[in-house]
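Work through the exercises below with the model open.

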Amino acid sequence: MREIYKLYRPTPLQRAVRLEKALGTPAHIYFKNESVSPAGSHKVNTAIAQAFYNKISGTKALTTETGAGQWGSALAMACQFYHLDLEVYMVKVSYQQKPYRRVLMETYGAQVFPSPTDRTEYGRKVLAQDKDTPGSLGIAISEAVEVAATSNGAKKYSLGSVLNHVLLHQTVIGQECIKQMEMADEYPDVVIGCVGGGSNFAGICLPFVGKNVKEGYKTRFVAVEPTASPSLTKGVYTYDYGDTAGMTPLMKMHTLGHNFIPAPIHAGGLRYHGMAPTLCRLIDKGLINAIAVPQLATFEAAILFARNEGILPAPESAHAIRAAIDEALDAKEKGEKRVILFNLSGHGHFDLSSYEAYLNGSLVDYELSKEEILKNVNALPKVPAYT
């Protein structure tokens, strides 16, 4: 495992000096560049570990889901390194928007199917209800879980976010950041990351949360989600399934309801109805804050970042960039020297169709209405209170 991590770890911590100058801010903006991994995102950190532990336990094949394709690409690479077969159920709208992610996964040796498919009982049920559905991460999870569960033990299911072991693997990001910030002789006033299931945000923030709790630091933490899928800012904190079919255990989390089908925004990795229970607990305790930003504003921030720093960010990562820019502008208005750290969770080289849509003016914003939220929340499972 460590030999494979050496392909790209430690990842760089970079200061966005040109972006600071463009904004005219006294703030110092740092970003952890996880886009340098072979598969292009932070997802490799947990993919390597999960493939390794499956391999040594005798597993021969894995199934999984993927949204934008970053998790699927990472697991496909890891499975190839450990000689495991892999089936990937990719959310259909992302499968259509990001064909080269599919090609990358297939290059690494994975089979990729647009979800919902006719390969599973649940996929066929969804298609019978709406043959034109864009799909969702919840549906794709259901299909991947069903395939594993009905394989008589021949296949195991692997998840790229939400669960505690995934968040633990990702804390290598924040642990490196602490050492690198020491080298820069600075410490972050605010730590920012995008959130879909919670893995990259947890990866960068949890080690710093520990320092707040144990050592009295006062760093703020900002989780940034899309207005089209605002589980932390508009969802309810209760028990829900992690997938749409209700095959997973119930988890206490901020949720929009497992039946929620998000709008087809280009940040496919953030189109999830729930959130990591560990992060939700920290939100509930007031140790972490959450905000939601619209699609157009995130792409505006991504373009500004690319033109000043030369790196094309993934649409998911652009949510963190949007919040970092807003923090820097707030520091400018208040005349404060503020140290801002955000996680650049992946590059956007396979997301050029979304940038094209933004540049030609065809991209639109989506905001979830209260009516849509109530419709799905009312269908949540009824869990008896306990003491």
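Helices (H or I, at least four residues) and strands (E, at least two) are DSSP runs, numbered from the N terminus. The model is predicted.

**Exercise 1. Find the cis peptide bonds and place their prolines.**

Step 1. Start with the background: most residues other than glycine have a negative phi, and most peptide bonds are trans.

Step 2. Turn to Ser115 and Pro116. Their peptide bond is also cis, and omega is near 10°. Pro116 belongs to the loop between strand 5 (111-115) and helix 7 (121-129).

**Exercise 2. Examine the positive phi angles of His83 and Asn152.**

Step 1. Read phi at His83. It is positive, about 60°, and the residue is not a glycine.

Step 2. Locate His83: the loop between helix 4 and strand 4 (85-91). Is His83 buried or exposed? Its relative accessibility is 65%, so it counts as exposed, the cut-off being over 50%.

Step 3. Asn152 lies in the loop between helix 8 and strand 6 (155-157). Its relative accessible area is 81%, so Asn152 is exposed.

**Exercise 3. Decide how many disulfides the structure holds.**

Step 1. Set the cut-off. The two sulfur atoms must be within 2.5 Å.

Step 2. Conclude. The count of disulfides is zero.

Step 3. Cys177 is buried, at 0% relative accessibility. Cys205 is buried as well, with a relative accessible area of 0%.

**Exercise 4. Describe the largest cavity.**

Step 1. Count first. There are three cavities of 30 Å³ or more. The largest has a volume of about 340 Å³.

Step 2. Which residues lie nearest its centre? They are Lys43, Leu137, Ser161, Gly197 and Gly269, out of 27 lining residues.

Step 3. Sort the lining. It holds ten nonpolar, 14 polar and three charged residues.

Step 4. Trace the elements. Strand 3 (61-66), helix 4 (70-81), helix 8 (137-149) and helix 11 (199-215) each give at least two residues to this lining.

Methods. Residues numbered from 1 in each chain as written. Predicted model: local features only at pLDDT ≥ 70, side-chain atom pairs only at ≥ 80, totals over all residues. Heavy atoms only, no water. 1 Å grid on protein atoms, 1.4 Å probe; cavity = no way out; pocket = protein on both sides within 12 Å on 5 of 7 lines; lining within 4 Å. Points joined across faces, edges and corners; volume = space filled by probe spheres on them. Nonpolar A, V, L, I, M, F, W, Y, C, P; charged D, E, K, R; others polar. Buried < 20%, exposed > 50% of the residue type's maximum accessible area, 1.4 Å probe, protein only.
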